[in-house]
Amino acid sequence: MPTGVHLRDARQQLFDAAERVLLRDGPNGLTSRAVTDEAGCAKGVLHRHFTDFDAFLADLVLDRAARLETQASALRESAGTGTVADNLTSALTTLFGPVPVAIIPLITFRDELRARLRQARPGGGIAILAQATTAISAYLADERELGRIAAGADIDSLTLSLVGGGHLLFADRDPGPPATAVVNKFVTGVIADAVRRRPD
């Protein structure tokens, strides 16, 4: 492997390489050697930018979690438009896309990574799930304010049901993501008692 390859924005290139390895080989295949091989650089490049591999992984997770902020904003902006079920279906499909779903088991099985994430972001041990929980909870609260979710609806319980059930729906990567109709049916069932039906 050449040692003199210059990487422009090395951190981002290493993150992108790690993402490709993670999607292709799963969490077990994600090693520092696999990342640098995928990026086409010497192993020392990673250690020049990060103190160790867990530091690299923590920054990778936080970087990918930050990208979900855009989706979270789009979900909140959809409040009051379309249907609550359709908005949540779209949000779950995005929030549990291939990369977030691949990252969750990585966090689950690496104790040191979880510890670093908690240090970097209080309550951030499972950063991706925390991001999804915050986004959906805020959206449901907005819809309750608008009167499209019942005033007495338990937002915390609805959020946990949507995030937990949504993760289970998307967790099995082998057959691919569930069909939109399957996600919509799940969402509709979870929120059925909370959605305010307007008279025709």
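1. How many residues apart in helix α2 are R33 and D37? They are four residues apart, and therefore separated by about one helical turn. Their side chains form a salt bridge at 4.0 Å, N to O (a side-chain nitrogen of Lys or Arg within 4 Å of a carboxyl oxygen of Asp or Glu). Helices are DSSP runs of H or I with at least four residues, numbered from the N terminus.

2. The model is predicted: local features need pLDDT of at least 70, side-chain atom pairs count only at pLDDT 80 or more, and totals for chains, interfaces and linings use all residues. Residues are numbered from 1 along each chain as its sequence is written, and side-chain values use heavy atoms, leaving out hydrogens and water.

3. The whole structure holds 15 salt bridges. One of them joins the side chains of R64 and E19 (2.9 Å, N to O). This pair links distant parts of the chain, with R64 in helix α4 and E19 in helix α1, 45 residues apart. R64 is buried at 5% relative accessibility (buried is under 20% relative accessible area, exposed over 50%, partly exposed in between, with a 1.4 Å probe and protein chains only). A network of salt bridges links D16, E19, D63, R64 and R67.

4. R24 and E38 also meet through their side chains in a salt bridge (3.1 Å, N to O). R24 lies in helix α1 and E38 in helix α2, so the pair ties together parts 14 residues apart in sequence. R24 is exposed, at 51%, whereas E38 is partly exposed, at 26%.

Terms used
Helix = DSSP H or I, 4+ residues; strand = E, 2+ residues; numbered from the N terminus.
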